[in-house]
Amino acid sequence: MAPDKDKKYMKLALKLASKAWPHVSPDPLVGAILVKGKKIIGRGLHKKFGEPHSEHYAVKAAGKRTKGATLYITLEPCCHWGKNPPCTDLLIRSGIKRVVAAIKDPNPLVNGKGFRALKQAGINVRAGVLEKEAMRLNEFFIKHITTGLPFVILKSASTLDGKIATRTGDSRWVSGELSRHYVHELRSRIDAVMVGIGTVLKDDPLLTSRKKGKAAAVHPIRIVIDPLARTPLKAKVLGKGPETIIAVTSKAPLRKLRELERKGAQIVLAPAKKGIIDLKRLLKELGSGGICSVLIEGGGVTAARALKQKVVDKVVYFIAPKLVGGKDAPSPVEGDGIMLMKDALRLKDVSMKRMGDDIMVEGYIK
């Protein structure tokens, strides 16, 4: 089959895979399309963590027509026992003659072994079709499975002159309605949202996803960076809703910690230096607990510390066509900043999109 046909069906598989948001974490997003001749005979989607893989659903949909078919799959088929049996065994038994995959599975339990098993069974394998798109779709999973760390997105919104609030601290709203809707969409996809104690004290955010539809009930875990446990007992992050983690240091008062625990918060004692929490070590602990992605939505201080400690993978930045002015109005990244422009952090793979009157800029830290 010609390469352009492979891309055509892989695009369909990628689109299908994306429909599993937000229920699949910490598993990858995987879609499968079975084709025989010029006809799609089966589609499969890994719908939820622990449930059957996409290959299972595609083969089941195709029934007895699988012999001689081509499978388009966004991730290398697994070849080991986990919560599900090896998908390679299923494909071999089904008589599929060709497998086209977007990327190799970075999971050490697979990592090329699935391709080898298929080739040894006489199945023709082609990998790397729409590889970049597939890697971006599964960037959370890839970072977590290869490093143990969550994928970290830093989100911010500022006016055209670089302010996130007025000099009085008023910040409602910097960005427009479409931008805020996108943020709730993002919250519905990630595992945890993180803010600093300053944001809790100033804005008292709920930090839930108010996205409508099938993801309406899916909320991220809420994480507050609070070295001295200053989170008010009436704070909205302690109310009904998703789990709340408060990261504190050894300087936090024991009595306050017990009160926060009685309110339902999980207290995590995080390593710190000069009162500043080591975010990389905290993220390592969060990753070991199954958190694959974190959205940082804190103010300028939290953003500066996350960037300085080099834990940010991606930046999502909204620019609103507003002018605030004032040398005392806060900016998206506080701290000391850099001395020379040549040392500025640069983004790669930058994309821009209109969000109503706002402009959204996305990019990856070099």
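## Helices α3 and α4

Helices α3 and α4 are roughly parallel to each other (an angle under 35 degrees). Helix α3 covers residues 87–94 and α4 covers residues 113–120. They pack at an angle of about 20 degrees, with their axes 10 Å apart. Axes are lines fitted to C-alpha atoms, for helices over the stretch in contact, and angles run from 0 to 180 degrees between N-to-C directions. Helices (H or I, at least four residues) and strands (E, at least two) are DSSP runs, numbered from the N terminus.

The crossing of α3 past α4 is right-handed (the near helix is turned clockwise from the far one by less than a right angle). On the α3 side, T88, L91 and I92 take part; they meet G114, A117 and L118 in α4. Contact means heavy atoms within 4.5 Å. By class, this contact has four nonpolar, two polar and no charged residues. Ala, Val, Leu, Ile, Met, Phe, Trp, Tyr, Cys and Pro count as nonpolar, Asp, Glu, Lys and Arg as charged, and the others, Gly among them, as polar.

## Model basis

This is a predicted model: local features need pLDDT of at least 70, side-chain atom pairs count only at pLDDT 80 or more, and totals for chains, interfaces and linings use all residues. Residues are numbered from 1 along each chain as its sequence is written, and side-chain values use heavy atoms, with hydrogens and water left out.

## Helices α2 and α3

Helix α2 (residues 54–62) also packs on α3, at an angle of about 20 degrees with axes 9 Å apart. The two are therefore roughly parallel to each other. Here α2 passes α3 in a left-handed crossing. E55, H56 and V59 of α2 make the contact with C87, L90, L91 and S94 of α3. By class, the residues are four nonpolar, two polar and one charged.

## The cavity

The whole structure has one cavity of 30 Å³ or more. A cavity is a set of points on a 1 Å grid over the protein atoms alone where a 1.4 Å probe fits but cannot get out; a pocket is an open set with protein on both sides within 12 Å along at least five of seven lines; lining residues have an atom within 4 Å of a point. Grid points are joined across faces, edges and corners, and a volume is the space filled by probe spheres set on the points.

The largest cavity holds about 120 Å³. Its lining has 16 residues, with W21, V24, S25, D27 and F140 nearest the centre. Helix α6 (residues 139–147) gives the largest share, three residues. The lining divides into nine nonpolar, three polar and four charged residues.

## The second largest pocket

This pocket holds about 930 Å³. It is lined by 33 residues; A304, R305, L307, K308 and V333 lie nearest its centre. Helix α11 supplies the largest share, six residues. Elements that each supply at least two lining residues include β6 (151–159), α11 (300–308) and β14 (314–320). By class, the lining has 17 nonpolar, six polar and ten charged residues.

## Backbone exceptions

Most residues other than glycine have a negative phi, and most peptide bonds are trans. The S25 to P26 bond is cis, with omega near 10 degrees. P26 sits in the loop between α1 (3–17) and β1 (31–36). R172 and W173 are also joined by a cis peptide bond, with omega about -10 degrees. W173 is in the loop between β6 and α7 (177–189).

K274 has a positive phi, near 55 degrees. K274 lies in the loop between β11 and β12.

Key. Parallel < 35°, antiparallel > 145°, perpendicular 65-115°, else oblique.
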